[in-house]
Amino acid sequence: MAASVQSLPRTGPIGQPDIGYTPNHEKYLARAKFRRESEHLATSLPPGFPSRLDSKLVWDGNTLAEEYDWNYHLSPGDLQEIDSALQHFKQLGKPLGFITQETFPLPNLHRTLRDISQEIHNGRGFKVIRGVPVAKYTREENIIIYAGISSHVAPIRGRQDHQHDGRPADVVLAHIKDLTAKVHASNIGAPAYTAEKQVFHTDAGDVIALFALGESLDGGQSYLSSSWKVYNELAATRPDLIRTLAEPWAFDEFGKGAKPFTLRPLLYHQPPTNSSPERLIIQYARRSFTGYWGLPRSSNIPPITEAQAEALDALHYTAEKYAVSLDFHQGDIQYANNLSIFHARAAFRDSEEKQRHLVRLWLRDEENAWATPSPLQDRWDRVYKEVTAEKSVFPLEPRIRSASKGDDKQNGRPLE
C-alpha cells in the first residue's frame, strides 16, 4: 500500500458519533442498547409506510438459490452473435459513445436481454450473465462487448464523471480496481480503489452493471441483498429506525459541490398507482456520513445523530444477514436494480498474475424505469441528463473519479 491509512488526519464536525466507514458490531450493539434504555423510541412507522412489503424483490439470500437461478450462461450461439456484433460495430468506425442496440445488433439474444431487464425491474432485481471470453479480446473490444450487451438490457448510459484529462466530458465507464500501490492514500476517497471490504450500499442511478475483466488471487466475493427484506425486518422490530431513514440526512459533498452538503432522506415510499405497484427506494453510501481515507467527513457540516449512526449499522448488518454471495468470475456481467438492491464486496488480495478488475456502467431503461423521487431528481440529472454520444468517454485504464478523489493537500502529495 502506498501509505498508511492510519497516518491520515481524522477530522469531522463537532458532535459526530463514534462511527467509521467499517462497521463495528460491538459498538453497534452498545449504541442500540443505550438508545433503547435511555430514549423513548417511536413505535409507529412514518405515515403511509407499509408494515410489510410482499414482492419478488423481498428475498432471503440464504435460501434464494432454491427458488431462483440468477445465472444466464452465454451459449456458443450467443458468443458467435456477440462476436459478429463486435465486428459490425468496429467496421462502422464510430466512437464507443455510439454503441446502441442498432450498432451492436443481437437479433436472437436481444429477447433474452430484454427479459433480464424485466427481471431487474420487476422480478428479483438482479441477474448475472456468465461466460464472456475476456482473454480472446483486447481491452477496448471487451468494453465494446460490455456496452453492447448492456445496451439491450438498459439502453441509457449515465455520467460517472464530468471531466477527462482536464476537459469536460461525459465519462460513462468507471474502473473498480485496487490502486493503492500507485496512488497515495490521501488521494483515495472511496473503497472502490482499495482492496478493503466494501460495506453494503447503493450507487447512483437505476441499474448498476459490473463486468469482471479480472479476478483476485483470493477474496473479493460480491454480495447482494434485498433492501425490501431489510425494510420488512426493521419495520417489524425497529420502526423508529425506519422513521430515521425517512427523515432528511446531511449528505457530505466533500467540497466538490455547489453546497457543502445536501439534505435528503435515505428512504422513499411510493404508493401504488394505476401503472405501477407500491415501491420502496433507498439510496445511500455509508462514506457520505463517515468519510473514507482521503475524504474524511467535512468539519463544516452538521454531524450525523446517534439515531442515524445506529440506522447505518442496522442497514449494513441486516443486509449482511440476508445477503447472497455471487460466484463472480472473469467474463461475468452483473446487473442489479440500484433502487432496491444493496451491494457489497469482501476484502481481497491480488497477485502479479491475478488482479481483481471490474468496469462499471450506470444504466437506465425508460421502458421499465421506476419513477424517480423528487429529492433525487437533481442527482439523477447529474447522471443522465444531456449525456451525448459525441462527448461520451470510456477510459481504457483505471483512474479515480473526481467525486472519489481524496484531498491530496492533506499530505502535500501529488495524485499519481
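**A first look at this predicted model**

1. Let's start with the surface. The protein exposes about 17,900 Å², and carbon and sulfur atoms supply 49% of that area. Accessible areas here come from the Shrake-Rupley method with a 1.4 Å probe, and for residues only the protein chains shown count as cover.

2. A quick word on ground rules. This is a predicted model, in which local features need pLDDT of at least 70 and side-chain atom pairs count only at pLDDT 80 or more, while totals for chains, interfaces and linings use all residues. Residues are numbered from 1 along each chain as its sequence is written, and side-chain values use heavy atoms, with hydrogens and water left out.

3. Now the overall build. A compact globule with 416 residues would have a radius of gyration near 22 Å, and the protein agrees with that at 21 Å. (That radius is taken over C-alpha atoms, and the globule rule is 2.2 Å times the number of residues to the power 0.38.) Along its principal axes, the C-alpha trace spans about 70 × 55 × 40 Å. Buried residues make up 56% of the 416, where buried means under 20% relative accessible area, exposed means over 50%, and partly exposed is in between (1.4 Å probe, protein chains only).

4. If you're tracing the chain, expect nine helices and 22 strands. These are DSSP runs numbered from the N terminus: helices are H or I with at least four residues, strands are E with at least two. Among contacts between residues at least 6 apart in sequence, 83% join residues at least 24 apart; contact means heavy atoms within 4.5 Å.

5. Helix 5 (residues 227–237) and helix 8 (residues 306–321) pack at an angle of about 120°, their axes 9 Å apart. Axes are lines fitted to C-alpha atoms, for helices over the stretch in contact, and angles run from 0 to 180 degrees between N-to-C directions. On the helix 5 side you'll find Val 230, Glu 233 and Leu 234, which meet Ala 314, Leu 315, Thr 318, Ala 319 and Lys 321 in helix 8. By class, that contact has five nonpolar, one polar and two charged residues. (Ala, Val, Leu, Ile, Met, Phe, Trp, Tyr, Cys and Pro count as nonpolar; Asp, Glu, Lys and Arg as charged; the others, Gly among them, as polar.)

6. Next, Arg 356, in the loop between strand 20 (348–349) and strand 21 (357–364). Arg 356 counts as buried because its relative accessible area is 7%. Leaving aside neighbours within four places in sequence, its contacts include Ile 176, Lys 177, Glu 215 and Asp 350. The C-alpha atoms of Arg 356 and Asp 178 are 7.6 Å apart, although 178 residues separate the two along the chain.

7. Two backbone spots to check. Most residues other than glycine have a negative phi. Trp 293, however, has a positive phi near 45°, and Glu 386 has a positive one near 60°. Trp 293 sits in the loop between strand 15 (291–292) and strand 16 (295–296) and is buried at 6% relative accessibility. Glu 386, in the loop between helix 9 (377–384) and strand 22 (392–393), is exposed at 63%.

8. Last, Gly 291, found in strand 15 and buried at 3% relative accessibility. Beyond its neighbours within four places in sequence, Gly 291 touches Tyr 21, Phe 254, Pro 296 and Arg 297.
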